[in-house]
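Student: Could you walk me through this protein with me asking questions as we go? I'm new to reading structures.

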Amino acid sequence: MIPQEMEKRIVRYGELQPCKTAFIDAHTPGSNQKENFTIIGGGVSESPDQHVHISLSHGFNIGAAGQPPHCRNSLHNHRTAEVFYVLKGRWRFFWGRWGDAGEVVLEEGDIFNIPTNIFRGFENIGTDYGMIMAILGGDDAGGGVIWAPQVIEDAKDHGLVLGENGKLYDTKKGEELPEGVGPMPVLSEEELAKVDEPSPAEVVGGYVRRYLDMVALAGKAPVTVIGEEGLIRDKPGFEVDFITRASAPEARHSHQRPAVLMPVTGHWRVEWDGGSATLAPGDTMSMPEGLAHSAAPSMTGEAAMYRVIATGEAAGATWKS
């Protein structure tokens, strides 16, 4: 494949285009400085202002959230996988109906496969602007976001109304729900009772893996972090591998389904018949199915990346092995 065509499948960190009005809490104090990025796929944004960098179908979505210190993402739920790894900063993830059922702090490189059917939120608790990268299950990312009722109520006080069509309307700009479109209904008490509130031990032990632990495990072969036989046992419609300098495959190889390369540390040189490219932390590269390629660190020093590969399985609830 010619370099010009492959360049269209690379999204550079410095070229990411944010949306500051992506979700219903965009005006709510404490959450109103969030930046949302849709890198691959349609994402779950509720705003028409969201820019999509690569719209090709992969079987999963790649996105990101950028937030200044003390900015948080409000409590929400998903029907398919939501996986985060920390690219920059220090982040607190919390969960539960009111966000007080448990929490975990993640550092750069750590990864969290958040179980479905729990309300979750996250906050940048570092001292600088932080960035977390996201993998969402399915091409339609589970049909959108399910907000905790208090988030929807708080948003109304600040001018944002979410329609039952999944679109946002800003009453401060004179926008109204279209004729025939009602507001998004909040979950009933019966529905809320069905939402899980797992213990911190269950969540952290089962669904969080630390960067330094994975570096130690990645000897001469990539480590499957999320997968049927992964460190985190789940079948979300994709697998996530962790690759270091020592475990990067030397021979060119290909995949039967689309794959995405996401460097965490170091610079990586990706080569394929007809071209090459160098990726830096925060860059995202989509590899076409069947294209033989190799990826190896291009400089000395620490180097690690995550690789996401579609499995063809239907995206859905967290798999219980």
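Tutor: What follows is a chat about the cores, rings, cysteines, strands and loops of this structure. The model is a predicted one, in which local features need pLDDT of at least 70 and side-chain atom pairs count only at pLDDT 80 or more, while totals for chains, interfaces and linings use all residues. Residues are numbered from 1 along each chain as its sequence is written, and side-chain values use heavy atoms, with hydrogens and water left out.

Student: Okay, which residues touch the most other members in the largest nonpolar core?

Tutor: They are Phe93, Ile111, Phe112, Phe242 and Tyr306, in a core of 51 residues. A nonpolar core here is a set of buried Ala, Val, Leu, Ile, Met, Phe, Trp, Tyr and Cys residues joined through side-chain atoms within 4.5 Å. Buried means under 20% relative accessible area, exposed means over 50%, and partly exposed is in between, using a 1.4 Å probe and protein chains only. Apart from that core lies another one of 21 residues, among them Cys19, Phe23, Leu75 and Val151.

Student: And what is Phe112 in contact with?

Tutor: If we set aside neighbours within four places in sequence, the contacts of Phe112 include Glu82, Val83, Phe84, Phe93 and Val104, where contact means heavy atoms within 4.5 Å.

Student: How many aromatic pairs are there in the whole structure?

Tutor: The search finds 11. Rings of Phe, Tyr and Trp (its six-membered ring) pair if their centres lie within 6.5 Å, and planes under 30 degrees apart count as stacked, over 60 as edge-to-face and the rest as tilted. One of the pairs is Trp95 with Phe112, which is edge-to-face at 6.5 Å centre to centre, with 65° between the planes.

Student: Why does that pair tie together parts that are apart in sequence?

Tutor: Trp95 lies in strand E7 (residues 91–95) and Phe112 in strand E9 (residues 111–114), so their pairing joins parts 17 residues apart in sequence. Helices (H or I, at least four residues) and strands (E, at least two) are DSSP runs, numbered from the N terminus. Both Trp95 and Phe112 are buried. Another edge-to-face pair is Tyr211 with Phe242, at 5.7 Å centre to centre and 85° between the planes. This one links Tyr211 in helix H5 (residues 211–217) to Phe242 in strand E18 (residues 238–244), 31 residues apart, and both of these residues are buried as well.

Student: Which residues do ring pairs link into a cluster?

Tutor: The cluster is made of Phe84, Trp91, Phe93, Trp95, Phe112 and Phe122.

Student: New topic: how many disulfides turn up?

Tutor: The search of the whole structure finds 0, a disulfide being a pair of cysteine sulfur atoms within 2.5 Å. For Cys71, the closest cysteine sulfur is in Cys19, 14 Å away, which is too far for a bond.

Student: Is Cys71 buried or exposed?

Tutor: Cys71 is buried, with a relative accessible area of 3%, and Cys19 is also buried, with a relative accessible area of 3%.

Student: How many residues of strand E19 are buried?

Tutor: In strand E19 (residues 259–265), 7 of its 7 residues are buried. E19 pairs in the antiparallel sense with strand E22 (residues 284–287) over 3 bridges, and with strand E24 (residues 304–310) over 6 bridges, again antiparallel. Two strands pair if DSSP finds at least two bridges between them. Val260 stands opposite Ser286 in E22, and its bridge partner in E24 is Val308.

Student: In what order do the strands of the open sheet come?

Tutor: The 5 strands run E8-E7-E10-E5-E12, with antiparallel pairing. Strand E8 (102–106) and E12 are the edge strands, each pairing on one side only.

Student: Last one, loops: where does Thr28 lie?

Tutor: Thr28 lies in the loop between strand E1 (10–11) and strand E2 (35–40). Thr28 counts as buried at 11% relative accessibility, and, not counting residues up to four places away in sequence, Thr28 touches Asp154, Ala155 and His158.

Student: And Ser57, buried or exposed?

Tutor: Ser57 counts as exposed, at 53% relative accessibility, and sits in the loop between strand E3 (52–54) and strand E4 (60–67). Not counting residues up to four places away in sequence, Ser57 touches Asp139 and Pro258.
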